[in-house]
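Okay, everyone, thanks for making time. Have a look at the chain on the screen, and I'll walk you through a few spots in it.

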Amino acid sequence: MKKIIITGVTGQDGSNMVRYLLNNTEHIIYGTVRRLSVTNHENIKDIKDERFKLINLDITDQQSIINNVKSIMPDYIINFAAQSFVGESWNTPIQTFTTNTLSVMYFLESIKEYCPTCRFYSAGSSEEFGDVEYVPQDIKHPCRPRSPYGASKCSARHLVKVYRESYNLFAIHCILFNHEGIRRGKEFVTRKITSNIARIKKEIDNGEKVTPFELGNIYAKRDWSDSEDFVEAVWLMLNMKEPREYVLSSNETHTVKEFVELSCQSAGLKYQWFETINELDTKLIVNGEVIMKISKKFYRPAEVDLLYGDSTETRQILNWKPKVSFKDLVYKMVMNDIKLLDNYNPNDNNLYNIENTL
Ligand code: F7E
């Protein structure tokens with residue numbers, strides 16, 4: 001039985017990783033949370049297993065990492081915690097770097113000093129490719145970030161390489177293209193779309209007034225996969241003989257606009273686009289009513305226009321491939337959001353005890 005520290009367990013990827021490991025291994029999982037006066041345990045509230053323990057660990061505090069690494073002596077550290085919202089990284093560039101880059105260095109230092117056989121996973125991002133030079137993008141594509149977030153992930157990638165090569169650590173950095181699912185935060189465009197389409201579907205079915213929602217650049221192209229598929233691949237790469245860099249992607253690209261269209265189709269809404277030469281005029285119409293409009297507010301200072309991954313090599317090395325198609329992913333997210341509206345209970349607040357491991 002091994003000991004695994006997973007950071008970011010209240011987020012999408014961390015919570016999916018916990019579920020995957022509880023279902024597929026015998027290991028003990030220490031999920032890290034930051035001390036907050038209001039807890040955010042929505043994504044893990046249904047996990048009931050003695051092998052899953054919550055611990056207080058602040059990834060921006062080196063001492064907090066040292067204390068936990070020394071006390072647990074983990075076999076694996078899977079670092080999913082991040083300031084992961086690209087749009088916010090222009091407002092909080094320093095916090096973005098502290099959370100996404102310095103923390104990686106703190107982990108690598110702690111592993112080097114106290115636990116050198118521990119295997120470390122660093123979550124990279126296709127935002128590292130940014131202003132892309134070619135399509136589809138593979139691991140050889142250069143770092144050309146367009147946001148403080150992308151730059152923070154490039155820096156983390158370089159640090160992982162330096163520590164891997166200098167100290168012979170099993171440290172891997174995997175570049176993940178966009179990955180979504182039912183536990184995705186509503187600030188990201190996919191869940192923003194599916195939760196609003198679900199709400200609007202209910203409003204229309206109940207004969208209520210429809211309140212439109214707003215989006216930014218719907219012509220941006222992304223390579224979207226299911227986060228639940230990716231966590232399996234992450235576990236496989238952590239158990240390979242040698243550490244290296246990887247790319248995970250669906251090997252397809254779609255516009256945000258296509259995501260909107262598939263969401264409407266999944267909810268059974270018949271839509272029409274209203275478009276002029278000015279993209280800010282674009283509107284989405286259902287039953288003669290506007291359900292979505294464009295707002296400049298959601299445009300970014302610099303956009304990554306086209307992400308389209310090539311994970312052929314990773315698939316061969318790991319003998320892995322994703323199970324969920326783009327269409328099925330959208331359908332699953334829309335259906336889940338419709339179900340959540342049916343079952344909404346404002347008093348549902350199932351909280352965890354946090355262990356003191358120190
Ligand atoms: O934006 C456009 C937006 O915020 C996707 C993170 O997991 O994947 C994610 O980063 C696209 C962008 O994700 C809205 O401009 C239009 O072109 O869902 P997103 P992201 O920025 O691609 C990468 C791989 C990560 O590593 C990140 O951590 O959608 N877009 N209208 C919008 N985006 C948002 N959020 N909201 C809008 O209203």
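Let's start with two helices, H3, residues 93-114, and H4, residues 148-167, which pack with their axes 8 Å apart and at an angle of about 10°. The cut-off for roughly parallel is under 35 degrees, so H3 counts as roughly parallel to H4. And remember, this is a predicted model we're looking at.

Which residues of H3 meet H4? On the H3 side you'll find, among them, Phe 97, Val 104, Met 105 and Leu 108. On the H4 side the partners include Ala 156, Leu 159, Val 160 and Tyr 163. If you sort the residues of this contact by kind, you get 13 nonpolar, five polar and three charged.

Now, how far can we trust the picture? The chain has a mean pLDDT of 96, and 96% of its residues reach 70 or more. Which element has the lowest mean pLDDT? That's strand S16, residues 354-355, with 60, while strand S4, residues 76-79, has the highest, 99. Where pLDDT is low, the predicted coordinates should not be read in detail.

Next, the inside. In soluble globular proteins, nonpolar side chains tend to be buried together. Here the largest nonpolar core has 34 residues, and the ones touching the most other members are Ile 6, Ile 78 and Tyr 121. Helix H6, residues 227-238, gives the largest share of that core, seven residues. Apart from it there's another core, of 29 residues, including Ile 200, Cys 264, Leu 284 and Ile 294.

Let's zoom in on Tyr 121. Setting aside neighbours within four places in sequence, Tyr 121 is in contact with Ile 77, Ile 78, Asn 79 and Phe 80, and also with Ile 172, Cys 174, Leu 176, Val 234, Met 237 and Leu 238.

Is Cys 264 buried or exposed? Its relative accessible area is 0%, so Cys 264 is buried. Again leaving out neighbours within four places, Cys 264 touches Ile 197, Leu 269, Tyr 271, Leu 284 and Ile 291. As for Ala 156, it is 108 residues away from Cys 264 along the chain, and their C-alpha atoms are separated by 38 Å.

Another one to click on is Ile 65, in helix H2, residues 62-72. Ile 65 is buried, because its relative accessible area is 0%. Ile 65 and Ser 103 are 38 residues apart along the chain, but their C-alpha atoms are separated by 8.6 Å. Ser 103 is also one of the residues Ile 65 touches, along with Tyr 106, Phe 107 and others.

Most residues other than glycine have a negative phi, and most peptide bonds are trans. Met 73, in the loop between H2 and S4, has a positive phi, near 50°. With a relative accessible area of 38%, Met 73 is partly exposed. Asn 251 also has a positive phi, about 65°, and is found in the loop between strand S11 and strand S12. Asn 251 counts as partly exposed too, at 23% relative accessibility.

What about the peptide bond from Val 135 to Pro 136? That one is cis, with omega near -15°. You'll find Pro 136 in the loop between strand S5 and H4.

Conventions
Residues numbered from 1 in each chain as written. Predicted model: local features only at pLDDT ≥ 70, side-chain atom pairs only at ≥ 80, totals over all residues. Heavy atoms only, no water. Helix = DSSP H or I, 4+ residues; strand = E, 2+ residues; numbered from the N terminus. Buried < 20%, exposed > 50% of the residue type's maximum accessible area, 1.4 Å probe, protein only. Contact = heavy atoms within 4.5 Å. pLDDT = per-residue confidence, 0-100. Core = buried A, V, L, I, M, F, W, Y, C linked by side-chain atoms within 4.5 Å. Axes fitted to C-alpha atoms, helices over the stretch in contact; angles between N-to-C directions. Parallel < 35°, antiparallel > 145°, perpendicular 65-115°, else oblique. Nonpolar A, V, L, I, M, F, W, Y, C, P; charged D, E, K, R; others polar.
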